[in-house]
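Welcome! Take a look at the model first, then try each task before reading on.

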Amino acid sequence: MKRTFTHLLIAAILVLAIGNGTLHAQATASGTIQGTVFDKSQAVVTGAEILITSKATGTTRTTTTGDDGGYRFDLLSAGVYTVRVSKQGFSTIVETVQLLVGQTAMANATLEPGAVASIIEVTDTAPIMDTTKTSVSQDITPREVEELPMVGRDVANLAYLAPGVKATDSYDPTKNRYAILSVNGENGRNVNVTVNGVDNKDNTVGGPVMQLPLEAVQEFQISTQRFSAENGRSEGAAINMITKQGTNNYHGSLFGFFRDSALNTDEKVPDGLGGQTPQHPDYSRQQFGGSVGGPFIKSKLFGFFAIERERESQGLAETGTSYSELVLAKNAGLAAQPASVIPRPFYETRYNGRMDWIINSKNTAYISYNSQANDSLNDQSNGTGDLTNGNFTKNHLQLANFTLNSILSNTTINQFTVGYQYWNNLIDSHISAPLVTFPDASFGTNTNVPQQSFQRKWQFKDDISKTIGKHTLKAGADYIWNPVEGGFFEFSSTLEIDFAADPSAILGNPAKYPNGFATAGAVTGMTIANGDPRFLVATKQLGLYAQDDWKATRRLTLNLGLRWDKDFNMIGGSDIKNSRTYQELVALNSPISNPYVAKIAHDDNKDFSPRIGFAYDLTGNSKHVLRGGFGLYFGNVFQNIPLFMEQMSNATVFQTVLSLSSPTDPVPGTGQTLGQWQYGVSPFPTIPPPSSQLATRSVGRLMDPNYRNPVTEEFNFGYSWALNPNTVVEAEYTHVLGLHENKTINIDQRIPVGGVCCTRPLDAAFVGTNLPPFASVRDEQSIGRSVYDGLNVSYRQRMSRHFSVNANYTLARAYSFDGGGSSFRNYPRLSTNPFASYEWGPSPNDERHHVTLSGIVEMPKGFQLSPIMQFGSARPYAVTNSSNTLNTGGGTFANAVVVPTSDPTNWFAFAGNNTGAQNCFYGLNGVTQACTIAKYDPLRGDPFFELDLRLAKNIRFGERMNLQLVAQAFNLTNRANYGNDYNNNIASASTFGHPKGFINPASTIVPLSIWGEFGARFTF
């Protein structure tokens, strides 16, 4: 606690010191209005008075133009403002400007000589081109939030409309109903979402924690590259989301949206053999709620509240051959409970409340609270398991903030924010039974249950700002304190038994499997873990930044900034010395393992992030702008990376106490090896009880002493051309180099010794000691790399002549060393050579071409049409085997496929012949070393295409009331989008290379056929 207050005191002193130096900051949940005042001869006008007024609340701000005729208002809430420009001897100009979050709205004015009483009214909307912007970003306007089609009413779905952004699969069951965003080839974990400027990140697995009721979302901005030092804690994209507020006018909404399987077409479920099976799972969903806002005290105190309920009943169709394989297993007497459709009901409530207070002319404040709670079944199911393979899930999430805005002078603004976040997620099962897996099916208790994650987070932010002439100086501090973070993760809670072949192959080949499932050698792996699975840590994060937004000339804007981030205990450093793996390797004192325990890993101290950006108006008339920038961006170390090490520091160690993958591995308590063991005949292995010490052949876990936070080096260069006041074309090149990405390395990988395969290098060191040898020792290292290069071309037309258009095309290339971006637990094929040429290949979200198109069309008699079209070229997928091909002993990508060097795409050269693969790859038993490993992600699936359409009819009642009737269709072309969800296991030649399911299989918001929806929304 003393250290916590020390960190807070340091942050406060730094902020106050910067504030006394009259620096300036801009919070990420606000915008800026700036401009230059000219006279009729285009000479700048100094000393002109500028008054801006919020149309929603009536709040005002004033300033005067400087020597360069310029003015600027920072830290403004998004919304509609009137800008009044006046000076003695000139007519007064009043202009209306719509300001979007994260945007700099330009409001230049030309004053005409005349009487002060002469007023010229100018009406404008948000500028189509921000001439000072240096980031690669996309504003999602309030109208787009309300009028574009969205599956699941998750506003983040609209982020797909930004260049370089595409949908990707959920990486965690708590995110299955979220819009998971792959930005610049990443996997979505490193997208940093803030709500009203407050952190909404999941510190355990990454990505956002909660969703808001759609009625509460005013607008948001997604920045795929940003060159301001204000943003930190993410090497990926940043999404700034703001909630609606009350105004001087009472306003609100009521809505209901309804889906049913009667509105859907048949799903073309792949049969795994290249064909399709039509299925029509039962489905119904009701989403309903509303909002209300208005003044408690006019022009003084305002309130807003929104609520949304969801009831969903759906089923997940089994993919490929999984159902038929499980039926064969059940008919043969195994404990499978096959079902062609797995039930997945879901119930949720979201609500938001906000109160805004105009304290006086210098100070305003607001408080916001958001809650989300849901219950569901079987969200761990992936379409290949049975009814015993599911789970239940309970989620409760809260997010709140208090923000105080203070005008210290006409040129100095301060914003102070306190944020709070709470999240509790429980995933468990009512069934405890052995998990039996086949290449294309499984039954028994899911390997990922039970588990629980929770975090309680406090955030303190201060941003202060000062404009001095052409310089807008910024500085701020951001401190996050997690007094409790973690939970428990009891993976492999029951015995896992792995078969190398599917039931159809086992039962259909009596020559190879004379005793069916009981044939010796049919089982090729066993795993189980026990102990205390908790991982509990207290963490802190501190970020400091300073920046100068410099209007160097009338045409040139420069962003110059520096950010420093410091994490405390994010890599579990306080638990390392108590980790039994660390203690045992210190006691072992082997030259092989000593480098990995020579010192304790610690959080980075030198995460300095320089940022530089520029925007140059080529002609001075805001029609042609060059922009670009460079920056470093440090990300977080998610708790899922050190958690296995942290579990090993508990009084009772949670550990994998059995991990068998070689035919020669002894099965404890049976007197047999794994190759001799017979399913249903031989006794189950003897499992050692939970212990305070490591078990023999447990899996060791380490955090590498040189572990570092991931970082990206990013730059871009672009050109924008405003064809007319309503239309802009943009082209930009972006580059992202990912460094220090996670890679899990087995430092005790089995290798050939004396021409015999294979031996663990550390085994010799254990001889003569009382220390139990490991099955593998998995060291979390930050050595991964990835690279992304993309060319974005965009066309945007705001509402003009009754329609708006937003179109993007991206030509891109995303490659990595067997990983990609912010993913973790990436195992190389061989830990002894993690950067081999075969490890380098396209990342799973690599798409050479990606196109998005959206728009809103206003038609006669109150009708409105809003389409969204997405296209992506085929994504890659890997090739695998069903067993440990090279006998590496686990802790590697054990199912690597060995191919002849002379024929590197002959995937089946050693199918079912691991001994031959080992001889050819290692050069054993007189065989010439003439093989390599198949390259990472060498194959491609199907292209992706989706067309969604929203048809609305507006029925107006007077000036303020409107009833909108809505019909929506998702995946209107009824395309079966299989993407890269393909069978890739060489052990099943009949299914290899054929689709087994749909793209992003864990996600529940990807339309599998035509999905229809009806709804209505009443606003006043």
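Predicted model: local features only at pLDDT ≥ 70, side-chain atom pairs only at ≥ 80, totals over all residues.

**Exercise 1.** Which residue in β14 does Thr194 stand opposite?

Residues are numbered from 1 along each chain as its sequence is written, and side-chain values use heavy atoms, with hydrogens and water left out.

*Solution.* Start with the elements: helices (H or I, at least four residues) and strands (E, at least two) are DSSP runs, numbered from the N terminus. Next, find strand β13, residues 192–195, which runs antiparallel to β14 and is joined to it by 2 bridges. Two strands pair if DSSP finds at least two bridges between them. Finally, look across from Thr194: the residue opposite is Asp199 in β14.

**Exercise 2.** Find the disulfides and describe each one.

*Solution.* Recall that a disulfide is a covalent bond between the sulfur atoms of two cysteines. The test used here is a pair of cysteine sulfur atoms within 2.5 Å, and it gives 2 disulfides.

- Step one: Cys757 is joined to Cys758, S to S 1.9 Å. The torsion about their S-S bond is about -85°, so this disulfide is left-handed.
- Step two: check exposure, where buried means under 20% relative accessible area, exposed over 50%, and partly exposed in between (1.4 Å probe, protein chains only). Cys757 is partly exposed at 22%, whereas Cys758 is buried at 14%.
- Step three: the sulfur atoms of Cys920 and Cys931 lie 2.0 Å apart in a disulfide. With 85° about the S-S bond, their link is right-handed. Cys920 belongs to helix α9 (residues 914–922) and Cys931 to strand β52 (residues 931–933), 11 residues apart. Both Cys920 and Cys931 are buried.

**Exercise 3.** Is Asn806 buried or exposed?

*Solution.* Locate Asn806 in strand β46, residues 803–817. Its relative accessible area is 5%, so Asn806 is buried.
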